[in-house]
Amino acid sequence: MTAQESSPAVEVAAPRSKAREWFGAILRQPFICLIALVGVAFAILPLWDDNVQLRESLLLAAVYITLASNLNIVLGYAGYVNFGNIVFFGLGGYVCIYLVNEWQWPLAAAAVTAGISVSLLALVFGLGILRLRGAFFALATIGVNEAVKAFVANFEPWGGATGIYLSLDVYEPLGGPGQALWIVYFLIVAVMAASLFLSYAIKTSKFGLGLLAIGENEDAAAVLGVNTPRYKALAYSVSAFLPAIVGGLYFFKTGIIEPGGAFDLTRSIEAIVMVMLGGIGTVTGAALGAFFYEEVRGVLLTTEVFSHFQLVIAGLLLLVIVLFAPAGLMGFVYKRWPRMRRLLQ
Amino acid sequence: MTDLLEVAGVKKHFGGVTAVHDLSFTVRDGEILGVIGPNGAGKSTVFNVINGVYPPDEGRIVFKGQDITGEPAYRVARRGIARAHQIVQPLATMTVLENCTVGACFGRENLPLARAQEVVREAAEIVGLTDRLDQLAGQLTTAGKKRLELARALSAHPELLLLDEVLAGLNPTEIERMIAVIRRIRDRGIAILMIEHVMRAIMSLSDRIVVLNLGGKLAEGTPQSVARNPDVIAAYLGEAEPTPAGMVH
């Protein structure tokens, strides 16, 4: 992020030849290196002095960065407000926990299965509700979340309203609960890095260009040849994959999953605040917004006065951003340092 | 010359209002076909039916021998019909380059990102936007946005270009420049179907002209023959309020 960085290679160049050239091309892309650095920093910092408290704080930040980054694909690129984005997280959590607890699947396999199945489900939902626009789409996404929540609360194999409690045995394959928490933490950090990479890869791809065009003016995009129904549904589906995986890992860590916690609409709204705070449509902004929001909330929750008011503050924050700084933190950065637009996508 | 586009017996109603009534005409390879007519004659509706914004109630649209009636806009674009809008539709917070890249990547040639640049520069060159490529589309002047509409459509390498009042809102100097741009486009072999109210321009540019009135075809022919047609003169200067030729609305 320092001024010494040379101007970035043009992202559009995508050599298809040898793996070595490909690797070289990656190294020439400062943003990808930056993502890798962030991932490594997240992994190493708490390990340094075995700081469990820091690990827990960073774990939450990584979860939120994952949620915000993927939400940004639909919200920031395609311009569709997905109020019910948390449904991917909750549903992913349920699928993963069920497979681990009832069928004794290994965690990684269960999490990936959760990601794939929730993505497919999102594709089906997406083809339906993405015909709607504006406020109607936003309402429909809330409907999806609430409908899934109501279904799960009455779905006995998943424990109904009481949910599923993980038995301690499931941590044994990972070397007991203590070690399992570290492993889950590293996995979540990896998913976070993958989310950032995915956001970046989509933004600099033809797919991303189509989504951005839809976000700007959907009718004009269609006249220019963008297959708007397919692109929107794909974006919605893709944005479900990693949140579902991170949901699986997160609830594996907490050891319990129940409908209220899994499909918490507040968390959905908080994810929107994070994206807006950092800068809608930017990879860096979604991540920074999530990180700062999570850290600030952590501080607020531990103070006497604010612990009950953190949602009030989230609401006020959203209001202030929408009114005075719709482009968020990155809007400010880009204005101050225009060259950053290229470097920090 | 063979027929590139055939509009056959198209009807379109909106509620009780008949916007287009049993309209037929053809666009031939490489020609400029002008469409004129008083306000409300159904000109923009015809464009919307051709490029798939909405389907006709009756009738067929045939492009290069294939029936494309009722196909969605993105598929029509992919077939090689590009459009410049009457009311400019810039992708405002994207640059001119990015706007045109969308045209190039999703138009007829379906180019990958890496190969779009060259095409876009060429299109920008034709319309004279080369020095504006890195500017945000929303920051262009009205004339600039009109040029952007053209550049974006050209980036798709279309075979047929629909121009919906690209001269409206421009001053005389800008109109002169734009006319030159349209000639340059035609010289590249792209057929053009254009709606225009600036009579001087459409008379000099068009190979043939179709005159619409009340959703139907009033006359068709060379600019000279259309200008002398008594029905056309009546529609423009007849019983109703006079609409002076050359008026920009």
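Predicted model: local features only at pLDDT ≥ 70, side-chain atom pairs only at ≥ 80, totals over all residues.
Residues are numbered from 1 along each chain as its sequence is written, while chains are lettered from A and ligands numbered from 1 in the order in which they are written.

**Stop one: chain B.** Select chain B and color by secondary structure: you get nine helices and 10 strands (DSSP runs, H or I of at least four residues for helices and E of at least two for strands, numbered from the N terminus). Its radius of gyration is 18 Å, close to the 18 Å from the globule rule for 249 residues, so chain B is as compact as a globular protein of that length (taken over C-alpha atoms; the rule is 2.2 Å times the number of residues to the power 0.38). The C-alpha trace of chain B spans about 55 × 40 × 35 Å along its principal axes.

**Stop two: a helix pair.** Now select residues 86–103 and 107–129 of chain A, helix 4 and helix 5; their axes come within 8 Å and cross at roughly 140 degrees (lines fitted to C-alpha atoms over the stretch in contact, with angles from 0 to 180 degrees between N-to-C directions). Show side chains for the residues that meet, including F88(A), L91(A) and V95(A) from helix 4 and A110(A), A114(A) and V118(A) from helix 5 (contact puts C-beta atoms, placed from the backbone, within 7 Å). By class, this contact has 12 nonpolar, four polar and no charged residues (Ala, Val, Leu, Ile, Met, Phe, Trp, Tyr, Cys and Pro are nonpolar, Asp, Glu, Lys and Arg charged, and the others, Gly among them, polar).

**Stop three: M330(A).** Jump to helix 15 of chain A, residues 328–336, where M330(A) sits. With 24 C-beta neighbours inside 10 Å, M330(A) counts as buried (20 or more is buried, 12 or fewer exposed, in between partly exposed, with C-beta atoms placed from the backbone). Leaving aside neighbours within four places in sequence, M330(A) touches G278(A), G279(A), T282(A), T284(A) and G285(A).

**Last stop: where the chains meet.** Select both sides of the contact: 20 residues from chain A and 23 residues from chain B. On the chain A side, helix 8 (206–216) and helix 9 (218–223) are the elements giving two or more residues. Helix 8 of chain A supplies the largest share of that side, six residues.

Conventions
Contact = placed C-beta atoms within 7 Å.
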